[in-house]
Amino acid sequence: MPRPNSTAVSDFTFEGFSSFRWQHRLILFVVFLSLYFLTLTGNGIIVTIIRLDRHLHIPMYFFLSALSISETCYTLAIIPRMLAGLLSPHQPITIPECATQLFFYLTFGINNCFLLTAMGYDRYVAICNPLRYSVIMGKSACIQLVGGSWGIGLGMAIIQVTSVFGLPFYPMKRENYSEVSEFIFQGFSNFQEHQITLFMVFLALYILTLAGNAIIVTIISMDRHLHTPMYFFLSMLSISETFYTLVIVPQMLASLTGLNQPISLAGCATQMFFFITLAINNCFLLTAMGYDRYVAICNPLRYTVIMDKKMCAKLICGSCAIGLTIATVQIASVFRLPFCDARVPHYFCDILPIMMLSCVDTSIHDIINFIISSLVIVVPMGLVFISYVLIISTILKIASAEGRQKAFATCASHITVVIIHYGCASIAYLKPKSENTRDQDQLISVTYTVFTPLLNPVVYTLRNKEVKDALRRAVGRKSLC
């Protein structure tokens with residue numbers, strides 16, 4: 001692939017207010033300097049007063065002091081450089097300094113947004129639930145909200161800065177790349193003789209997947225015996241898996257019949273967005289199901305209290321939110337790259353095959369993608385593993401063999417799906433980049449886009465006694481009618 005031959009830029013020059021006359025720049029300097037001192041003084045007074053006055057030692061003012069500190073650091077990252085630029089325009093800044101400024105600007109900017117959200121939540125609890133305010137907004141909750149705001153800011157800043165400064169910078173005009181406006185999937189072009197066979201097999205599996213997941217969702221919604229957290233998560237997983245296959249498999253089937261059409265950059269970005277969102281959502285839903293089994297077996301007396309509707313909704317929303325956040329970051333990172341080739345060596349818009357078409361070095365993006373993939377796969381897998389270590393240790397303490405067998409039976413379906421799901425994902429995204437050929441990569445992809453979604457309904461209908469009993473009850477009612 002072509003690479004630009006220009007000398008890389010080692011520093012930047014701020015143009016700032018250079019188009020203003022020096023008299024106007026001097027006026028702006030005085031105005032901005034005054035506002036800057038007022039900002040520092042005001043925030044300093046707020047933090048000091050809140051710290052000294054014990055009447056203000058409440059969550060609302062704790063968040064306010066944290067916001068004041070964050071706002072002070074936010075201005076320190078930007079204003080001094082702006083004031084220097086007003087006095088002496090066209091000041092250079094090295095790339096590491098620019099990256100540092102951008103890092104702190106993003107960190108504090110995002111932190112401020114989430115601190116304001118935490119303050120809104122604090123007011124909601126104080127007004128809508130005043131009797132439980134001191135319990136809900138305890139020290140632990142306040143620290144978690146502030147720590148979470150900082151964590152999100154730092155995480156997003158690291159991803160954004162590494163993404164931006166992983167690109168090469170060149171002076172003056174950008175290299176004139178041949179603009180790619182659409183991609184063409186090469187798909188299974190190496191399997192010309194077997195494409196019809198593959199089409200029939202994949203179509204049959206696709207129909208079975210849709211039918212199986214639809215049956216699971218319908219049975220769970222109809223049978224009151226399955227209205228428990230475990231089956232609520234299972235129905236959510238079935239819905240997510242259904243949409244996951246809808247995003248990928250129709251495009252794959254079209255490529256096998258020779259009816260494959262080019263896909264626009266926007267269409268490719270949309271497909272990748274939903275693929276990443278739903279795939280990550282599935283990973284964390286399996287983790288939530290593992291946590292549910294842990295509570296059910298290790299803390300059965302408090303199961304209904306811990307795993308109430310509110311907790312289930314939080315776990316589902318958390319899974320979706322993580323998927324949406326990571327998908328947004330990944331899409332923004334990948335589709336700001338220039339592309340020099342339109343031929344995608346794959347049957348859908350996956351991250352690695354698309355990045356291979358870039359005109360620039362994607363080493364930093366590859367590292368970021370590997371880190372995100374590792375966190376998304378290893379963290380949930382680790383949590384599930386810890387859950388099952390605790391579950392097994394609890395089961396082994398059960399005196400009766402029948403009790404142990406029953407406890408193991410409630411986990412068998414879930415652990416089977418977990419092993420296959422995370423196994424396929426680990427092979428696909430955590431292996432070395434050049435370890436497999438294109439055909440091997442596609443076959444691995446088929447396992448987690450076609451076969452794995454089918455496992456959910458198959459395993460839970462064949463191995464789960466409660467689902468099979470619900471199916472018999474549903475069929476029995478239908479026959480009586």
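Modeller: Tyr-294 is partly exposed, with 27% of its relative accessible area showing. Tyr-291 gets the label too, at 30%. The cut-offs, for the record: under 20% relative accessible area is buried, over 50% is exposed, and partly exposed is in between, using a 1.4 Å probe and protein chains only.

Before going on, some housekeeping. This is a predicted model, so local features need pLDDT of at least 70 and side-chain atom pairs count only at pLDDT 80 or more, while totals for chains, interfaces and linings use all residues. Residues are numbered from 1 along each chain as its sequence is written, and side-chain values use heavy atoms, leaving out hydrogens and water.

Now the rings. A pair of aromatic rings is described by the distance of the centres and the angle of the planes. Here, Phe, Tyr and Trp rings (the six-membered one for Trp) pair if their centres lie within 6.5 Å; planes under 30 degrees apart are stacked, over 60 edge-to-face, and the rest tilted. That rule gives 15 aromatic pairs. One of them is Phe-273 with Phe-274: centres 5.4 Å apart and planes at 80°, so call it edge-to-face. Phe-273 is partly exposed at 22%, and Phe-274 is partly exposed at 40%.

Back to the tyrosines: the rings of Tyr-291 and Tyr-294 sit with centres 6.2 Å apart and planes at 35°, so that pair is tilted. What separates the two along the chain? They are three residues apart in helix H8, which means about one helical turn. Helices here are DSSP runs of H or I with at least four residues, strands are E runs with at least two, and the numbering goes from the N terminus. As for clusters, Phe-103, Phe-104, Phe-108 and Trp-150 form an aromatic one.

A disulfide, meaning a pair of cysteine sulfur atoms within 2.5 Å, joins Cys-268 to Cys-349, S to S 2.0 Å. Its torsion about the S-S bond is -125°, a left-handed link. Cys-268 belongs to H8 (residues 265-298), while Cys-349 is in the loop between strand S5 (343-344) and helix H11 (351-355), so the bond connects distant parts of the chain, 81 residues apart. Cys-268 is buried at 0% relative accessible area, and Cys-349 is buried at 0% as well.

The structure holds two disulfides; next up is Cys-340 with Cys-359, S to S 1.5 Å. The torsion there is about 125°, so this link is right-handed. Cys-340 lies in the loop between helix H10 (309-334) and S5, and Cys-359 in the loop between H11 and helix H12 (363-395), so the bond ties together parts that are 19 residues apart in sequence. Cys-340 is partly exposed at 22%, whereas Cys-359 is buried at 0%. Count the bonded cysteines in sequence order and the pairing reads 1-3, 2-4.

Then there is Cys-320, which is in no disulfide: the nearest cysteine sulfur belongs to Cys-317 and is 6.6 Å away. Cys-320 is partly exposed at 31%. Cys-98, for its part, counts as buried at 16%.
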